[in-house]
Amino acid sequence: MQSIIEVMQSQLWFYLTTVGLISLCIGSFLNVVIYRLPLMMQREWQSECRLLLEDELTANKSKQANTSEPFNLVKPNSTCPKCKTAIKPWQNIPVISWVLLKGKCASCSNPISTRYPAVEAITAILSLIIAYSFGATEQALLYIFITWVLVALTFIDIDHMLLPDQLTLPLVWLALIAAVAGITITPSDAIMGAAFGYLSLWSVFWLFKLLTGKEGMGYGDFKLLAVFGALLGWQSLLTIILLSSVVGAIIGIALLSIQGKDKATPIPFGPYLAIAGWITLLWGSQIQNMYFNLIGY
């Protein structure tokens, strides 16, 4: 592993090219995760409900039989949502295939959403920024992997107002293990960061619920902030919370104005938390210094 890192360090172009190409492919896989993981969770919940309410759902046996077919991140193979034609390997090259096919299915000419190449491009660009900023190091590899998961979490939360435990909890443990391995911060700062990150939003959640009787955010948001706390330390939490609030206010107001929705429309907080955490990961110290300079501290 060390020899590979040394090669990457000596050949920056090779390192960045490798990261870019791999991240494009990962971005293509993330499109599958974004679409299928919530459906897999829904089917699991329905299956559990059927076990609990088996007597009341005997009339739906035919529907239950259909859900017995494999459905995960590998199977079934990708198909066109309209004509159900299997997508050939050459039609699944990140970004390039979408451009060559002019954004349409090769079989039925059904439009292919621009979101697919957008996710692939965003994944690659963000990964390249991390790679260039941190160089060919173990820390960069860790942050690149976390960036991939953040992309998936962001789009899942946009679609379903959901931050799956299947993605957030492994990141918490990964960040803690990275601290113990000496890749990021001290283990004590990581543990305190994870605890304070979770408890800070948990406290806000219950205070808001007691005052209004409504739930202002989900438990997934607590776990996502715990990830950044374990990764960057408890000292970074205030910066992340403030930055996410600013980003959320700007983007949220803009989206509500463009889409013409009511201000009471629920808005997922996870994407703004992910953006703020990612920015803090890269430029947290500079942001804090700029803030202290502004207040004359």
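Biologist: How do the axes of H7 and H9 cross?

Modeller: In this predicted model, the axes of H7 and H9 come within 8 Å and cross at roughly 20°. Axes here are lines fitted to C-alpha atoms, for helices over the stretch in contact, with angles running from 0 to 180 degrees between N-to-C directions. H7 and H9 are therefore roughly parallel to each other (angles under 35 degrees count as roughly parallel, over 145 as roughly antiparallel, 65 to 115 as roughly perpendicular and the rest as oblique).

Biologist: Before we go on, what are the ground rules for numbering and confidence?

Modeller: Residues are numbered from 1 along each chain as its sequence is written, and side-chain values use heavy atoms, with hydrogens and water left out. As this is a predicted model, local features need pLDDT of at least 70 and side-chain atom pairs count only at pLDDT 80 or more, whereas totals for chains, interfaces and linings use all residues.

Biologist: Is the crossing of H7 and H9 left-handed or right-handed?

Modeller: H7 passes H9 in a left-handed crossing. A crossing is left-handed if the near helix is turned anticlockwise from the far one by less than a right angle, and right-handed if clockwise.

Biologist: Which residues meet there?

Modeller: From H7, Asp165, Thr168, Leu169, Leu171, Val172, Ala175 and Leu176 take part, and they meet Gly220, Lys223, Ala226, Val227, Ala230 and Leu231 of H9. Contact means heavy atoms within 4.5 Å. Sorted by class, this contact of H7 with H9 has nine nonpolar, two polar and two charged residues. For these classes, Ala, Val, Leu, Ile, Met, Phe, Trp, Tyr, Cys and Pro count as nonpolar, Asp, Glu, Lys and Arg as charged, and the others, Gly among them, as polar.

Biologist: And H7 with H8, how do their axes cross?

Modeller: Helix H7 (residues 165–180) and helix H8 (residues 187–212) have axes that come within 8 Å and cross at roughly 160°. H7 and H8 are therefore roughly antiparallel, and their crossing is right-handed. Leu176, Ala179 and Val180 of H7 make this contact with Pro187, Ala190, Ile191 and Ala194 of H8. By class, the contact has seven nonpolar, no polar and no charged residues.

Biologist: What about H6 and H7?

Modeller: Their axes come within 11 Å and cross at roughly 160°, so H6 and H7 are roughly antiparallel to each other. H6 passes H7 in a left-handed crossing. On the H6 side are Leu142, Phe145, Ile146, Val149, Ala152, Leu153 and Ile156, which meet Leu167, Thr168, Leu171, Leu174 and Ala178 in H7. This contact has eleven nonpolar, one polar and no charged residues.

Biologist: What is Leu167 in contact with?

Modeller: Leaving aside neighbours within four places in sequence, Leu167 is in contact with Leu37, Val149, Ala152, Leu153 and Ile156. Leu37 is 130 residues apart from Leu167 along the chain, and their C-alpha atoms are separated by 9.9 Å.

Biologist: Stepping back, what is the secondary structure of the protein?

Modeller: It comes to eleven helices and zero strands. Helices (H or I, at least four residues) and strands (E, at least two) are DSSP runs, numbered from the N terminus. Of the 297 residues in the protein, 36% are buried.

Biologist: How many residues has the largest nonpolar core?

Modeller: It has 55 residues, and those with the most contacts inside it are Tyr15, Leu150, Leu153, Leu224 and Leu231. Such a core is a set of buried Ala, Val, Leu, Ile, Met, Phe, Trp, Tyr and Cys residues joined through side-chain atoms within 4.5 Å. H6 provides the largest share of this core, 13 residues.

Biologist: Which residues does Tyr15 touch?

Modeller: Not counting residues up to four places away in sequence, Tyr15 touches Met8, Ala131, Gly135, Ala136, Ala140 and Ile144.

Biologist: Changing topic, what is the phi of Lys102?

Modeller: Lys102 has a positive phi of about 55° although it is not a glycine. Lys102 lies in the loop between helix H4 (96–100) and H5, and at 71% relative accessibility Lys102 counts as exposed.

Biologist: And where is Ser109 found?

Modeller: Ser109 is found in the loop between H4 and H5. Ser109 also has a positive phi, of about 65°, without being a glycine. At 46% relative accessibility, Ser109 counts as partly exposed.

Definitions and conventions:
Buried means under 20% relative accessible area, exposed over 50%, partly exposed in between (1.4 Å probe, protein chains only).
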